[in-house]
Amino acid sequence: MAFVIEAGWKYLITHFSDFQLACIGSFFLHEAVFFLSGLPFICIERAGWLKQYKIQMKNNTAEAQEKCIARLLLYHFCVNLPVMLASYPVFRFMGMRSSLPLPSWKVMSTQILFYFIVEDFIFYWGHRILHTKWLYKHVHSVHHEYATPFGLTSEYAHPAEILFLGFATIFGPAITGPHLITLWLWMVVRVLETVEAHCGYHFPWSPSNFLPLYGGSDFHDYHHRLIYTKSGNYSSTFVYMDWIFGTDNGYRKLKALKSEEVAEFKTS
């Protein structure tokens with residue numbers, strides 16, 4: 001397996017420049033992972049499949065879903081792509097490389113865990129600030145147009161918020177100067193995580209059922225369906241920041257209440 005990956009990587013660095021791979025390659029990898037993981041949830045919702053796992057009973061209209069896709073394409077090409085192009089000199093300065101040999105899985109996994117911790121910290125505080133009255137009204141309310149989220153709404157946001165989210169995601173890699181393949185793997189994992197958190201479904205195989213401290217779709221869906229001043233659940237991936245600062249109290253009380261109701265139902 002390692003030989004196949006290395007051979008494929010050798011082909012890429014032989015036929016494309018560092019700039020092409022780091023900017024254009026990263027952009028199209030992001031688009032492919034984002035839309036291929038997010039679009040199926042639109043199909044599932046429209047077809048009415050897997051209703052037993054849907055967190056909210058309300059469905060989005062086809063018009064609302066199409067508006068989301070159109071805005072996303074506009075923002076991705078007019079905001080995300082220019083940011084990737086502008087970030088390239090910073091990553092090169094900090095030591096990012098694409099040459100062989102590839103980093104070990106131990107190095108990549110350690111770096112990605114570090115990126116999750118850094119991103120979670122920045123995102124939590126930035127997200128709380130976005131829920132102050134003025135910033136919510138003029139910036140963050142765009143993301144909350146969808147009280148019933150679906151996978152693609154994870155990146156539906158005001159351009160100013162897109163820049164903030166991009167900063168939270170790339171800050172860790174920017175200060176460590178990783179190998180490009182580590183940056184790509186981080187981007188893929190982060191995109192899949194945020195799409196899952198916004199998918200609107202809580203499946204038996206959802207990561208939050210197996211990974212301690214992982215928030216997931218049920219955790220984040222609660223954030224979307226409450227008014228902005230009382231929402232809580234500000235974390236992006238893990239829940240420990242909300243737990244430490246008590247911003248998940250409402251969610252935990254609701255979960256405890258539901259558990260009690262289930263227990264009473266089973267004993268009656």
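I took helices as DSSP runs of H or I with at least four residues, numbered from the N terminus. The model is predicted, so I kept local features to pLDDT of at least 70 and side-chain atom pairs to pLDDT 80 or more, while totals for chains, interfaces and linings use all residues. Residues are numbered from 1 along each chain as its sequence is written, and side-chain values use heavy atoms, without hydrogens and water.

**Nonpolar patch**

I looked up the nonpolar patch on the surface and found Val90, Phe93, Met94, Phe114, Phe167, Phe171 and Ile175, with about 660 Å² of accessible area together. Patch residues have over 30% relative accessible area and no salt bridge, and nonpolar side chains are joined within 5 Å. A salt bridge here is a side-chain nitrogen of Lys or Arg within 4 Å of a carboxyl oxygen of Asp or Glu. Areas are Shrake-Rupley values with a 1.4 Å probe. I noted that α3 (62–93) and α6 (159–176) each supply at least two residues of the patch; α6 has the largest share, 3 residues.

I then checked Phe171, which sits in helix α6. Phe171 is partly exposed at 31% relative accessible area (partly exposed lies between buried, under 20%, and exposed, over 50%, with a 1.4 Å probe and protein chains only).

**Largest pocket**

I read a volume of about 280 Å³ for the largest pocket. A pocket is an open set of points on a 1 Å grid where a 1.4 Å probe fits, with protein on both sides within 12 Å along at least five of seven lines; lining residues have an atom within 4 Å of a point. The volume is the space filled by probe spheres set on the points. α7 gives the most to the lining, 4 residues.

Methods:
Patch = residues over 30% accessible without salt bridge, like charges linked within 9 Å, V, L, I, M, F, W, Y side chains within 5 Å.
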